Amino acid sequence: MTKKVVLCCEKCGSRNYTVPVSNQAQAVRLERKKFCSHCQTHTLHKQSI
Ligand SMILES: [Zn+2]
């Protein structure tokens with residue numbers, strides 16, 4: 001069983017990506033380096049709550 005979490009650009013706050021994660025409790029928030037179309041560059045995207 002998986003659920004989806006939303007990843008937000010750390011710089012502009014855009015919700016650019018969703019990623020599937022296991023349903024187990026997470027100890028830490030996901031962080032992924034992804035391309036942000038607003039910032040026009042790769043930025044760190046953090047899991048929103
Ligand atoms: Zn951005």
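Reader: What share of the contacts in the protein chain with a separation of 6 or more comes from residues 24 or more positions apart?

Author: This is a predicted model, and in it residues 24 or more positions apart account for 33% of those contacts in the protein chain. The chain has 0 helices and 4 strands, which run β-β-β-β from the N terminus on.

Reader: Which residues coordinate the zinc ion, and what makes the arrangement of its donor atoms tetrahedral?

Author: The zinc ion is coordinated by the SG atoms of Cys9, Cys12, Cys36 and Cys39, at 2.3 to 2.4 Å, and in sequence these donor residues follow the spacing C-x2-C-x23-C-x2-C. Four donors count as tetrahedral if all angles lie between 85 and 135 degrees; the 4 donor atoms here subtend angles of 104 to 115 degrees, and therefore the arrangement is called tetrahedral.

Reader: Which residues form the largest nonpolar core?

Author: That core has 5 residues, namely Val5, Leu7, Val19, Val21 and Leu30, and the elements giving two or more residues to it are strand E1 (2–9) and strand E2 (15–22). Beyond its neighbours within four places in sequence, Leu7 is in contact with residues including Val19, Leu30 and His45.

Technical notes
Residues numbered from 1 in each chain as written. Predicted model: local features only at pLDDT ≥ 70, side-chain atom pairs only at ≥ 80, totals over all residues. Heavy atoms only, no water. Donors = N, O, S within 2.8 Å, 3.2 Å for Na, K, Ca; no water. Tetrahedral: all angles 85-135°; square planar, octahedral: opposite > 155°, others 65-115°. Core = buried A, V, L, I, M, F, W, Y, C linked by side-chain atoms within 4.5 Å. Buried < 20%, exposed > 50% of the residue type's maximum accessible area, 1.4 Å probe, protein only. Contact = heavy atoms within 4.5 Å.
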